[in-house]
Amino acid sequence: MSYQNEIKIRYQHFLNFVPTISEFLKKTHEREDLQISFKGNIESDLVTIADKGSEELIVSEIRKAFPNDHILGEEGSNYEGNSQFKWIIDPLDGTVNYSHRIPLYCCCIGLEDLENKSAVMGIVPMPALGHVYHAMLGEGAFKDKTPIKVTETKEIKKALLCTGFPYDREEKIEQLMFNLKKFILRSRGVRRTGSAGLDICWVAEGKFDAFWEEDLKPWDMTAAAAILQEAGGKLSTYANNTFHPYVTSLIASNGVLHEKMVEILQEYLDI
């Protein structure tokens, strides 16, 4: 079987499985008791029964359909396979929003090619909004069945940007506020939704022109990164190094604005 077909089989399989995941997340969101707990000692880093239940559903399906693949899930799933593909899963991105009944959340199902650490497929359902963003290598990016692409905005002053903040932010608060101030003053505006997966998909769709955040994890980025790349966007670290799922800082842009985003994010380091 060809490389492209290997990816396509996984892609189609999980597009068909998305309604099961979305229905679970929507129904669980209606429960009075989400059984919220904390990860470690950080009170803003939450986990709910929806996070755990969604990951169980996804991992079970992968193990059944693609037992040779590797798996990395936010809630602890870690399987070593013998294929060149690794599933990287955030079962519920935007858990704080979810726990406060805010509909800005998603599920991120990404596929990494381990041979070159590249994101080759991404599926990001947003159950409360009723949409699924998805892409696979070489086939373009879509919102439901509609092709999407990034903006052509060329100037920061005309750009709408988005960002997020790490859970453990005390040590970096000065740098975070410095960068935020710079972008607020130079752009059309800055938004924060509370879900990196959603943010990157909205850059891919053209709602936002660029996104920046640090201390993200592979499950926050991989699925949406594949979608952004297929939508014509660009990803890198703050230092403009090549993106892979394990980078510790991320710029995701329409491509045209990318060098300017890098330049501004380097200003703090030059103080």
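Predicted model: local features only at pLDDT ≥ 70, side-chain atom pairs only at ≥ 80, totals over all residues.
Two strands count as paired when DSSP finds at least two bridges between them.

Put together, 5 strands make up an open sheet, and going across it the order is E12-E11-E13-E15-E14, with mixed pairing. The edges belong to E12 and to strand E14 (234-236), each of which pairs on one side only. On average, neighbouring strands of this sheet are turned by 20° against each other, direction ignored.

Helix H4 packs on this sheet, where it touches E11, E12 and E13, and its direction makes about 170° with that of E13. Another helix, H5, lies across E11, E13 and E15 and runs at about 155° to E13. What does that leave of E13 itself, buried or exposed? Of its 5 residues, 5 are buried, so the strand is largely enclosed by the rest of the structure. Both of its faces are covered: Ala210, Trp212 and Glu214 are buried on one side, and Phe211 and Glu213 on the other. As background, side chains in a regular strand alternate between the two faces of the sheet.

H4 (residues 173-186) deserves a look of its own. This helix has 14 residues and reaches 20 Å from its first C-alpha to its last, close to the 20 Å expected at 1.5 Å a residue. Gln175, Leu176, Asn179, Leu180 and Phe183 are its buried members. Looking down the axis of H4, these buried residues fall within an arc of 130°, so they line one face of the helix. Glu174, Lys181 and Leu185, on the other side of H4, are exposed. The cover over the buried residues of H4 includes strand E11 (160-163), strand E12 (189-191), strand E13 (210-214) and helix H7 (258-265).

In soluble globular proteins, nonpolar side chains tend to be buried together. In this model the largest nonpolar core has 34 residues, and those with the most contacts inside it are Val124, Met126, Tyr133, Phe211, Ile227, Leu228 and Leu250.

E3 runs parallel to strand E5 (residues 85-93), and 4 bridges join the two. Within that pairing, His70 stands opposite Lys86 in E5. E3 also pairs with strand E4 (residues 78-79), this time in the antiparallel sense and over 2 bridges. Ile71 has Tyr79 in E4 as its bridge partner. E3 and E4 form a hairpin with 4 residues between them, and Gly76 in the turn has a positive phi of about 110°.

Gly130 has its place in the loop between E7 and E8. With a relative accessible area of 53%, Gly130 is exposed, because the cut-off for that class is over 50%. The C-alpha atoms of Gly130 and Ser22 are separated by 8.8 Å, though these residues are 108 residues apart along the chain. Asn97, in helix H3 (residues 95-99), counts as buried at 10% relative accessibility, because buried means under 20%. Not counting residues up to four places away in sequence, Asn97 touches Ile102, Leu104, Thr193 and Gly194.

Key:
Residues numbered from 1 in each chain as written. Heavy atoms only, no water. Core = buried A, V, L, I, M, F, W, Y, C linked by side-chain atoms within 4.5 Å. Buried < 20%, exposed > 50% of the residue type's maximum accessible area, 1.4 Å probe, protein only. Expected span 1.5 Å × (residues − 1). Arc of directions from axis to C-beta. Contact = heavy atoms within 4.5 Å. Axes fitted to C-alpha atoms, helices over the stretch in contact; angles between N-to-C directions.
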